[in-house]
Amino acid sequence: TICIQHQLHKMASRKAARKGSTKHAQRSSSNVFSMFEQSQIQEFKEAFGCIDQNRDGIISKQDLKETFTQLGKLNVKDEELEEMLKEGKGPMNFTVFLSLFGEKLNGTDPEETIVNAFKLFDPQGTGNVNKDEFKSLLMSQADKFSADEVQQMFAVTPIDVSGNIDYKSLCYIITHGDEKEEA
């Protein structure tokens with residue numbers, strides 16, 4: 001049931017792990033598929049499949065409603081769902097979905113979205129999630145992380161002495177890069 005968050009976390013951790021790599025996706029072309037590496041496109045396709053509940057190739061308001069329900073958010077207003085769909089300026093097929101993420105990842109800051117995903121694991125609103133519990137979720141849910149992928153993610157993750165992840169700082173690293181890597 002955490003398919004969407006899991007895909008976003010996995011994509012973000014891979015982005016952090018690849019930072020500094022010499023191979024970068026081409027971003028100057030108008031073709032949305034040239035904005036991402038093939039592995040990223042596959043991950044977006046998996047996330048799209050998680051949201052497209054009825055498997056008709058189009059994300060509808062009902063698909064979004066069911067997805068939010070699976071994530072534990074039961075009272076999403078129809079107006080909010082309609083606003084999300086309006087961002088696509090037409091039927092939300094995979095190409096439109098990918099284009100929206102291209103715009104978000106290359107322009108608008110997705111940090112708030114990622115923070116909101118982490119908040120699902122932080123019902124008390126402390127700003128932290130337990131490292132061991134989070135590791136267990138990552139390795140047991142949806143598109144499971146390998147031990148190596150978890151280790152790569154934790155290498156750039158701010159973890160305190162009590163074993164808690166400061167997820168707001170992690171989201172900043174995911175969206176802006178790790179200052180230590182750039183120094």
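Which residue's side chain does Glu83 meet in a salt bridge? I looked it up: Lys86, at 3.3 Å, N to O. My cut-off for a salt bridge is a side-chain nitrogen of Lys or Arg within 4 Å of a carboxyl oxygen of Asp or Glu.

**Ground rules.** I'm working with a predicted model, where local features need pLDDT of at least 70 and side-chain atom pairs count only at pLDDT 80 or more, while totals for chains, interfaces and linings use all residues. I number residues from 1 along each chain as its sequence is written, and side-chain values use heavy atoms, with hydrogens and water left out.

**Confidence.** I checked pLDDT (the predictor's confidence in each residue, from 0 to 100). The chain's mean is 78, and 74% of its residues reach 70 or more. Over residues 18-30 the value is below 50; beyond near neighbours in sequence, that stretch has 21 contacts in the model (contact: heavy atoms within 4.5 Å). Where pLDDT is low, the predicted coordinates should not be read in detail.

**Salt bridges.** I get a count of four salt bridges. For the secondary structure I use DSSP runs, numbered from the N terminus: helices are H or I with at least four residues, strands E with at least two. Glu83 and Lys86 are three residues apart in helix H4, so about one helical turn separates them. For exposure, I call under 20% relative accessible area buried, over 50% exposed and in between partly exposed (1.4 Å probe, protein chains only). Glu83 is partly exposed at 45%, and Lys86 counts as exposed at 55%.

Then I went to Lys61. Its salt bridge with Asp78 has the closest N and O atoms 3.8 Å apart. That pair links distant parts of the chain, Asp78 being in helix H4 (residues 78-86) and Lys61 in helix H3 (residues 61-70), 17 residues apart. Glu82 also forms a salt bridge with Lys61, the closest N and O atoms being 2.9 Å apart. Here too H4 is linked to H3, with Glu82 and Lys61 21 residues apart. Lys61 is partly exposed at 28%, Asp78 partly exposed at 31% and Glu82 partly exposed at 35%. I noted a network of salt bridges that links Lys61, Lys65, Asp78 and Glu82.

**Aromatics.** Which residues form one aromatic cluster? Phe118, Phe121, Phe134 and Tyr167 do. I pair rings of Phe, Tyr and Trp (its six-membered ring) if their centres lie within 6.5 Å; planes under 30 degrees apart count as stacked, over 60 as edge-to-face and the rest as tilted. The count comes to six aromatic pairs. Phe118 and Phe134 have ring centres 5.3 Å apart and planes at 35°, so I log the pair as tilted. Phe118 lies in helix H6 and Phe134 in helix H7 (residues 131-140), so the pair ties together parts 16 residues apart in sequence. Phe121 and Phe134 have centres 5.7 Å apart and planes at 75°, so that pair is edge-to-face. Phe121 sits in the loop between H6 and strand S1 (128-130), 13 residues from Phe134. Phe134 is buried at 2%, while Phe121 is partly exposed at 21%.

**Helix H6.** I listed the buried residues in H6 (residues 111-119): Glu111, Ile114, Val115, Ala117 and Phe118. They cover an arc of only 155° around the axis, which puts them on the same side of H6. The arc is that of the directions from the helix axis to the C-beta atoms.
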